[in-house]
Amino acid sequence: MVDEARSITVTIMGREYQIACPPEEHERLTECAEYLNGRMNAIRKRGRSMGIERIAIMAALNIARDFLDNRDAGSDHGDVDESARRRLRQMELSIDQALSERG
């Protein structure tokens with residue numbers, strides 16, 4: 001039996017977001033949010049004044065580039081382990097949630 005999704009609170013760039021996910025994914029989602037927060041804060045610190053949406057897009061593009069570089073370097077078939085897929089899904093959910101709340 002799969003547990004029902006529950007909301008947890010993550011903080012990204014000083015803002016709190018409620019994200020729903022299965023209980024067994026809470027720890028990984030928190031880790032993803034912390035990673036995303038670090039990447040977004042690094043972009044913000046580069047000096048250019050940007051809104052949170054632009055920072056989120058830049059972080060997503062950087063993370064996607066890293067993912068594709070790792071995927072291409074990791075296997076002739078482009079295989080990605082399930083753990084990486086799960087982390088990327090959670091980051092995508094976090095980014096989508098952050099952008100929808102700004103909309």
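Predicted model: local features only at pLDDT ≥ 70, side-chain atom pairs only at ≥ 80, totals over all residues.
Local features need pLDDT of at least 70 and side-chain atom pairs count only at pLDDT 80 or more, whereas totals for chains, interfaces and linings use all residues. Residues are numbered from 1 along each chain as its sequence is written, and side-chain values use heavy atoms, with hydrogens and water left out.

**View 1. The hairpin of strands E1 and E2.** Strands (E, at least two residues) and helices (H or I, at least four) are DSSP runs numbered from the N terminus; two strands pair if DSSP finds at least two bridges between them. Val10 has Tyr17 of E2 as its bridge partner.

**View 2. Met13 in the turn.** Two residues separate the strands of the hairpin. Phi of Met13 is near 50°, a positive value in a residue other than glycine. Most residues other than glycine have a negative phi.

**View 3. Contacts of Met13.** Beyond its neighbours within four places in sequence, Met13 is in contact (heavy atoms within 4.5 Å) with Asn37, Met40, Asn41, Arg44, Ile52 and Ile55.

**View 4. The largest nonpolar core.** Such a core is a set of buried Ala, Val, Leu, Ile, Met, Phe, Trp, Tyr and Cys residues joined through side-chain atoms within 4.5 Å. Among its 21 residues, Val10, Ile12, Met13, Tyr17, Leu29, Leu36 and Met40 touch the most other members. E1, E2, helix H1 (26–45), helix H2 (52–74) and helix H3 (82–102) each supply at least two residues, and H1 gives the most, with six.

Conventions:
Buried < 20%, exposed > 50% of the residue type's maximum accessible area, 1.4 Å probe, protein only.
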